[in-house]
Amino acid sequence: MNNFIRKRKKSLAPRLRYPLRKSISLVGLMGSGKTTIGVRLARRLHIKFMDSDQEIEAAAGHTVNEIFEKFGEEDFRKGERKVINRLITQDKKIVLGTGGGAFMDPKTRGRLKRQTIVIWLKVDVDLLVERTSKRDTRPLLKKGNPRKILTNLANERYPVYEEAHIVVQSGQGPHDKVVNDIIWKLNKYLAIEKKKYQKRQARQKARAATKSDNKNQIKNVGSNEKNDS
């Protein structure tokens with residue numbers, strides 16, 4: 001009986017109905033669940049999850065905290081920009097969890113919007129305070145009162161996060177529910193993108209046909225002129 005219930009719940013979970021043409025990037029403030037949800041999402045989509053902070057640490061040979069302390073935020077952002085660009089230009093599709101400030105960098109934001117499907121995991125500040133209090137690995141939260149810092153970051157960054165292709169509320173509920181919400185919205189987004197793609201293809205074919213007709217008309221005119229002479 002329990003196996004039947006588990007199978008039924010699994011079968012009710014939404015599935016992606018369209019092929020992914022781009023990787024997926026998750027953006028949001030620290031504590032929004034980009035890694036936890038990203039791992040589950042990647043598993044459901046049968047692709048790999050990668051964390052930009054972990055890749056930065058591997059490339060630099062320092063932790064994020066050490067990079068901030070030794071070199072400052074500006075150098076960290078430069079390294080972050082290079083690493084994210086490398087990850088999203090590889091052939092294989094991935095789910096990429098980005099650092100909270102990555103999407104604030106104009107160049108990184110532009111690349112993510114062009115080359116990935118950007119999903120913002122939106123979380124209330126109260127919940128962010130609760131989640132981030134459990135870990136002492138957030139360099140930006142060491143500069144003062146965490147609640148005040150997170151509130152200021154939300155006021156600054158949320159309007160920019162709004163540029164994401166998809167916005168999903170990530171609250172107190174189960175992570176699998178958030179993943180389900182993402183897949184539902186992904187299906188809607190990809191359906192719209194498919195229609196846009198089909199329209200572009202139709203326009204290109206129409207233009208190609210018009211050019212071909214024009215060339216044939218020019219040839220016919222030239223042939224007629226020769227015959228008349």
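**Strand β3.** I began with β3, where Ile-94 and Leu-96 point one way, Val-95 and Gly-97 point the other way, and all are buried. Buried stands for under 20% relative accessible area, exposed for over 50%, and partly exposed for what lies in between (1.4 Å probe, protein chains only). In a regular strand the side chains alternate between the two faces of the sheet. The model is a predicted one, so I kept to its limits: local features need pLDDT of at least 70, side-chain atom pairs count only at pLDDT 80 or more, and totals for chains, interfaces and linings use all residues. Residues are numbered from 1 along each chain as its sequence is written, and side-chain values use heavy atoms, with hydrogens and water left out.

Helices (H or I, at least four residues) and strands (E, at least two) are DSSP runs, numbered from the N terminus. Next I looked up the neighbours of β3; two strands pair if DSSP finds at least two bridges between them. Strand β1 (residues 23-27) pairs with β3 in the parallel sense over 3 bridges, and Leu-26 has Gly-97 as its bridge partner in β3. Strand β2 (residues 48-51) also pairs with β3 in the parallel sense, over 4 bridges. There, Phe-49 has Val-95 as its bridge partner in β3.

**Thr-98.** I then moved to Thr-98, in the loop between β3 (94-97) and α6 (106-115). Is Thr-98 buried or exposed? Thr-98 is buried, with a relative accessible area of 3%. Its side chain reaches the backbone oxygen of Leu-26 at 2.8 Å. I took a contact as heavy atoms within 4.5 Å. Not counting residues up to four places away in sequence, Thr-98 touches Ser-25, Leu-26, Val-27, Lys-34, Ser-52, Ile-84 and Leu-112.

**Salt bridges.** I counted a salt bridge where a side-chain nitrogen of Lys or Arg is within 4 Å of a carboxyl oxygen of Asp or Glu. The structure holds 10 salt bridges. One of them joins the side chains of Arg-86 and Glu-55 (3.9 Å, N to O). This pair links distant parts of the chain, with Arg-86 in helix α5 (residues 73-88) and Glu-55 in helix α3 (residues 52-60), 31 residues apart. Arg-86 is partly exposed at 43% relative accessibility, and Glu-55 is partly exposed at 22%.

Glu-163 and Arg-109 also meet in a salt bridge through their side chains (3.5 Å, N to O). Glu-163 lies in the loop between α8 (146-161) and β5 (166-169) and Arg-109 in helix α6, so the pair ties together parts that are 54 residues apart in sequence. Glu-163 is partly exposed at 34%, whereas Arg-109 is buried at 15%. I also noted that Glu-73, Arg-77 and Glu-80 are linked in a network of salt bridges.

**Aromatic pairs.** Rings of Phe, Tyr and Trp (its six-membered ring) pair if their centres lie within 6.5 Å; planes under 30 degrees apart count as stacked, over 60 as edge-to-face and the rest as tilted. My search of the whole structure found 5 aromatic pairs. Among them, Phe-68 and Phe-76 form a tilted pair, 4.9 Å centre to centre with 40° between the planes. Trp-120 and Tyr-158 form an edge-to-face pair, 4.9 Å centre to centre with 65° between the planes. This pair links distant parts of the chain: Trp-120 is in strand β4 (residues 116-122) and Tyr-158 in helix α8, 38 residues apart. Both Trp-120 and Tyr-158 are buried.

How values were computed
A polar contact is a pair of N or O atoms within 3.5 Å; within protein, one must be able to donate a hydrogen and the other to accept it, and residues adjacent in sequence count only if both atoms are side-chain atoms.
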